[in-house]
Amino acid sequence: MKILLIEDDDSSIALLTRSLNTQHYIVDAVKDGEMGWTYASTFDYDLIILDIMLPKLDGITLCKRFRGAGFTTPIMLLTAQDLITAKLQGLDAGADDYLVKPFDLNELMARIRALLRRSSSNPLPLLGWGDLLLDPSTCDVTYNGQPLILTTKEYDLLELFLRDSYHVFSSDEIIDRLWSSDDFPAEATVRSHLRRLRHKLQVAGAPPDAIATIHGRGYYLKPIQPEDRTIDVAPSADEGKLNNGAGFLPSEQQQAQYRSFLAETWVTTKPQCLESLDRLSEIVQQLRLDNGTYLEQSQAHQRAHKLVGTLGIFTLTSGMEFANKIEKILNRSTLLTSTEAAILSIFINELSLEIEQFAIA
């Protein structure tokens, strides 16, 4: 499954991309609304994850443009604004779901799976073909009850065929659906992955022609024959877990790896946050001395909003609260008074201390 992530914060892009890749999603990430429009108009995606405050074209306007142009791709909005008016604006613009930063990864993955099920021809939480069963919530694959060990691309291929079993996929379609736009392979690479997947399925007991070839057209999952065994993939008690966000549940090793990645990313993000805060402080100081402009104040508001989202990703809760206060004060249609600017300076100093002292163990 391929996702377009439209987000201008580097840390959020890195962490979301890693988390989504872990769950076998292919991700294209772009940093502004105009580029998001270009990518969505050029490539096919199963889901668009869209931040509201973006350069060049904001998320609400972009969402309206998508729907106005007839795009039916599910859209999930992300924002640091926990306001009912912002949520209503997003949903009225055509978004299918809305998530406020900071968010829990389990909840994000569960919401993504729910959106993909709604738009899929197979809305069930489990994907099956004869004795073959694939669980998107855990990425487990079994044949006749026995685990099937697949590489990432083998898993992606199998899920693609299972989700649209009557479709004949050309090599170009497979490449477009299963590789990011920066990493398109040769057709020989696709054939190699298919050959290994077929071999593993056959070793597990599947028919040798389970994935069939139509020469000159492509590949498809052969319909189940009457003599083939079938399985019950009806929703079970596990579906409730998926709906309440418990479907992701990474292992202790995955949690440790993610924590390590989070710590490494914070090392480079921390000085960027402090640099942005310094620039914010300079603008506020100008406003305090009545030398600032409304354009500068608007830029400061955007910086504060971005800080809210970034700090939320790293679960720096107390720092995020200060950033939220700063953003709310700056979010107005008139210039700040010198008194308001002075209050902002206090909040900025407090936030700077929070960022300096924060570390991920």
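## A look at helix 5 and the cores

In this predicted model, buried residues account for 50% of the protein's 361 residues. The fold is built with 13 helices and eleven strands. Of the contacts with a separation of 6 or more, 66% are between residues 24 or more positions apart.

Let's turn to the nonpolar cores, listed here.

| Core | Number of residues | Some of its residues |
|---|---|---|
| Largest nonpolar core | 55 residues | Ile112, Trp266, Leu311, Ile326, Leu351 and Ile355 |
| Second, separate core | 30 residues | Leu160, Trp179, Leu201 and Leu221 |

The residues named for the largest core are those with the most contacts inside it. Helix 10 (residues 252-288) gives this core its largest share, eleven residues.

Now follow Ile112 back to its helix. Helix 5 runs over residues 105-119, and Ile112 is among its buried residues. Which residues does Ile112 touch, leaving aside neighbours within four places in sequence? Ile112 is in contact with Ile3, Leu20, Tyr25, Leu47, Ile49 and Met76.

How much of helix 5 is covered? Eleven of the 15 residues in helix 5 are buried. Besides Ile112, they include Leu105, Leu108, Met109 and Leu116, and also Asn106, Arg113 and Arg117. From its first C-alpha to its last, helix 5 reaches 21 Å, close to the 21 Å expected at 1.5 Å a residue. Look at the start of helix 5 too: a side-chain oxygen of Asp104 comes to within 2.9 Å of the backbone nitrogen of Asn106.

Methods
Residues numbered from 1 in each chain as written. Predicted model: local features only at pLDDT ≥ 70, side-chain atom pairs only at ≥ 80, totals over all residues. Heavy atoms only, no water. Helix = DSSP H or I, 4+ residues; strand = E, 2+ residues; numbered from the N terminus. Expected span 1.5 Å × (residues − 1). Buried < 20%, exposed > 50% of the residue type's maximum accessible area, 1.4 Å probe, protein only. Polar contact = N/O pair within 3.5 Å; in protein donor to acceptor, adjacent residues only side chain to side chain. Contact = heavy atoms within 4.5 Å. Core = buried A, V, L, I, M, F, W, Y, C linked by side-chain atoms within 4.5 Å.
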